[in-house]
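Please read it alongside the sequence and the structure shown here.

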Amino acid sequence: MSYDDDNIFARILRGEIPCDKVYESDHALAFRDIAPKAPTHVLVIPRGPYENLHDFAERGSDAELADWVRAMAAVARAEGVTEDGYRATVNNGRHGNQEVPHVHAHIVGGRQLGGAPRG
Ligand code: 5GP
C-alpha cells in the first residue's frame, strides 16, 4: 500500500492548507468538513500516514488507534451532540466512496439523520 503524501489531509496536517480545527491530541486532529452535510460535520484523522481503515488498523500503534477513537468521542461531546446522538462513518476505498486517501471518520449530527446503512 502506498500512501500519497500530497493528499489534501496530509497537506492540512503539514499546515500547507488551512482548516477549521475543533480538536487536537498527540495522535489525532479534528476539523470541520468543508462541505458540511449537517450542523455538525467534523472529520477526525490520525496524524500518521494511513490510507484507510485497514492500513491504520494493521500498521497503527495501539496508542494511535485509541487516540483516534477517543478524539471522535471528544469531538461529539464538544459539539454537544452526545445526548441526541450522531453518526461516525469511515468510508473505505472505491466501493465505499472514499475521496481522500487518508483515513478519516466523519462525525455527523445536530439534526435527525436518515436510516443506515444506505447504499
Ligand atoms: P470521503 O468521501 O473521503 O469519506 O470524504 C472526504 C470529505 O473531505 C468530504 O466530506 C469533503 O467535503 C471533505 N473535504 C475535501 N477536501 C477538503 C478540504 O480541503 N478541507 C476540508 N475541511 N474538508 C475537505
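**Side-chain contacts in the predicted model**

A network of salt bridges links D6, R11, R14 and E16. Across the whole structure of this predicted model, a search finds eight salt bridges and three aromatic pairs. The points below take up several of these contacts, with the accessibility of the residues that make them.

**Salt bridge within the network**

- Within the network that includes R11 and E16, these two residues form a salt bridge with each other, and their closest N and O atoms are 3.2 Å apart.
- E16 has a relative accessibility of 44% and therefore counts as partly exposed, while R11, at 33%, is likewise classed as partly exposed.

**Salt bridge between a strand and a loop**

- A salt bridge also joins the side chains of E24 and R47, with an N to O distance of 3.0 Å.
- Because E24 belongs to strand 1 (residues 21-24) whereas R47 sits in the loop between strand 3 (40-46) and helix 2 (53-59), this pair ties together parts that are 23 residues apart in sequence.
- E24 is partly exposed, its relative accessible area being 42%, and R47 is also partly exposed, with a relative accessibility of 33%.

- D55 and R59 form a salt bridge in which the closest N and O atoms lie 2.6 Å apart.
- These two residues, D55 and R59, are four residues apart in helix 2, which means that about one helical turn separates them.

**Aromatic pairs and cluster**

- Among the three aromatic pairs that the search finds, F9 and F31 form one that is edge-to-face, with 5.4 Å from centre to centre and 75 degrees between the planes.
- This pair links distant parts of the chain, with F9 in helix 1 (residues 8-13) and F31 in strand 2 (residues 28-32), 22 residues apart; both F9 and F31 are buried.
- The rings of Y50 and F56 have centres 4.8 Å apart and planes at 35 degrees, so this pair is classed as tilted; Y50 and F56 are both buried.
- Together with W68, the residues Y50 and F56 make up one aromatic cluster.

Conventions
Residues are numbered from 1 along each chain as its sequence is written. This is a predicted model: local features need pLDDT of at least 70, side-chain atom pairs count only at pLDDT 80 or more; totals for chains, interfaces and linings use all residues. Side-chain values use heavy atoms; hydrogens and water are left out. A salt bridge is a side-chain nitrogen of Lys or Arg within 4 Å of a carboxyl oxygen of Asp or Glu. Buried means under 20% relative accessible area, exposed over 50%, partly exposed in between (1.4 Å probe, protein chains only). Rings of Phe, Tyr and Trp (its six-membered ring) pair if their centres lie within 6.5 Å; planes under 30 degrees apart count as stacked, over 60 as edge-to-face and the rest as tilted.
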